[in-house]
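Visitor: I have a structure to look at and would like to learn how to read it. Could you walk me through it?

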Amino acid sequence: MDYIEDSLRQNRFWLRIMSEHALFIRLGLPCYAADLINQAQNLQNLFEQLKVRADNTPPVRGEVFNLNQDVIAALDRIIPFKSDLLTLIITCNIGGSNIPLLIDHIRREAIRFRNILIRLQDDIQISTPEEMLQEEIFWLRIMGEHAKFVAQLLDPSERFLVDQSNDFAIHFETLRLQARDLESMVNPKSFDLWLLPVSLKQVPPGVGACLPDPFLIPRLERFNNEVIEATEKIRDFKATALRLIQDCKVLSIIPPLLADHILREAEMALADLRMIASQI
Ligand SMILES: [Fe+2]
Ligand SMILES: [Fe+2]
């Protein structure tokens, strides 16, 4: 895809998401964590400003390049912020209502956004089957986790909606296992790479030897359609949930903005998955 078009598409979507993450974190922090609350507010402002800039960036290569660089620098601030907070939470050194997996989830979204921008800046090409599996595995996990978070934030008396959310979570987890099965069949090199320590700077020549490059099979195409179908269903479920929350017709502690946030992410997942399907 075109460098300028894809850069603007990614920035205009993810910058708003990043500012909202900072807001959600701030709302979940304990009131005594004044310093973290301040940092979250500053990050929220930073990403709001970048979003305004991205909306007004003309489709000119130089300006888009500078925007990408500044966004990468901002991500280099929010990713460690999320990491430090997650460490505080999982070592039981802070209270509040930020769920560990939710912080890990939003850090993964930030890591992927940064990786996409780095690939664009450095012109790193990725093959279609590899990208297809990456997108599926990323989004299947994100969609499954949204379903779990919704189930947890609904009032327990909303028995049918809680059950529906849990059913979505199970369905997405099963699809993700299937994606992993397909990944090792058509891209065994990724498994070989996974076995190396992350501290290794250079991949030894023997790694990936005698293994085929990622390749496309018809089953993978069919699988992509199955993922799209499942994502359309959860998108509709989220749209209904948002309406119920806005109309105060459901008992939950889900803020309308969070419902809207996960609905937008489902729309982005569909756009990404359809785009990759159209490349075949
Ligand atoms: Fe998000
Ligand atoms: Fe998300």
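Guide: We will go through the domains, the contact between them, and then a few single residues.

Guide: This is a predicted model, in which local features need pLDDT of at least 70 and side-chain atom pairs count only at pLDDT 80 or more, while totals for chains, interfaces and linings use all residues. Residues are numbered from 1 along each chain as its sequence is written, chains are lettered from A and ligands numbered from 1 in the order in which they are written, and side-chain values use heavy atoms, with hydrogens and water left out.

Visitor: Into which domains is the protein divided?

Guide: Domain bounds come from an automatic or database domain assignment. Here domain 1 covers 1–125 and domain 2 covers 127–280. Their C-alpha centres lie 20 Å apart. The contact (heavy atoms within 4.5 Å) takes 21 residues from domain 1 and 21 residues from domain 2.

Visitor: How much area do domain 1 and domain 2 bury between them?

Guide: The size of an interface is often given as the accessible area lost when the parts come together. Buried area is what two parts lose in this way, taken with a 1.4 Å probe and summed over both. For domain 1 and domain 2 that comes to about 2000 Å², with 63% of it on carbon and sulfur atoms.

Visitor: How many salt bridges are there between domain 1 and domain 2?

Guide: A salt bridge needs a side-chain nitrogen of Lys or Arg within 4 Å of a carboxyl oxygen of Asp or Glu. The count between the two domains is seven. In another reading of the model, arginine 16 forms a salt bridge with aspartate 260, with 3.9 Å between the closest N and O atoms.

Visitor: Which helices supply the side of domain 1 that touches domain 2?

Guide: Helices (H or I, at least four residues) are DSSP runs, numbered from the N terminus. At least two residues of that side come from each of α1 (3–28) and α4 (100–121). The largest share, 10 residues, is from α1. Sorted by class, the side has nine nonpolar, four polar and eight charged residues. In this sorting Ala, Val, Leu, Ile, Met, Phe, Trp, Tyr, Cys and Pro are nonpolar, Asp, Glu, Lys and Arg are charged, and the others, Gly among them, are polar.

Visitor: Is lysine 51 buried or exposed?

Guide: Buried means under 20% relative accessible area, exposed over 50%, and partly exposed in between (1.4 Å probe, protein chains only). Lysine 51 sits in helix α2 (residues 34–56) and is buried, because its relative accessible area is 18%. Not counting residues up to four places away in sequence, lysine 51 touches Arg12, Leu15 and Arg16.

Visitor: What about glutamine 121: where is its place?

Guide: Glutamine 121 is in helix α4. With 13% relative accessibility, glutamine 121 counts as buried. Apart from neighbours within four places in sequence, its contacts are Tyr3, Phe65, Asn68, Gln69 and Ile72.

Visitor: And where is phenylalanine 215 found?

Guide: Phenylalanine 215 belongs to the loop between α7 (188–194) and α8 (218–246), and at 36% relative accessibility it counts as partly exposed. Leaving aside neighbours within four places in sequence, phenylalanine 215 is in contact with Pro129, Met185, Val186 and Leu220.

Visitor: What is the phi of aspartate 123?

Guide: Aspartate 123 has a positive phi of about 50°, although it is not a glycine. Aspartate 123 lies in the loop between α4 and α5 (128–153) and is exposed, at 56% relative accessibility.
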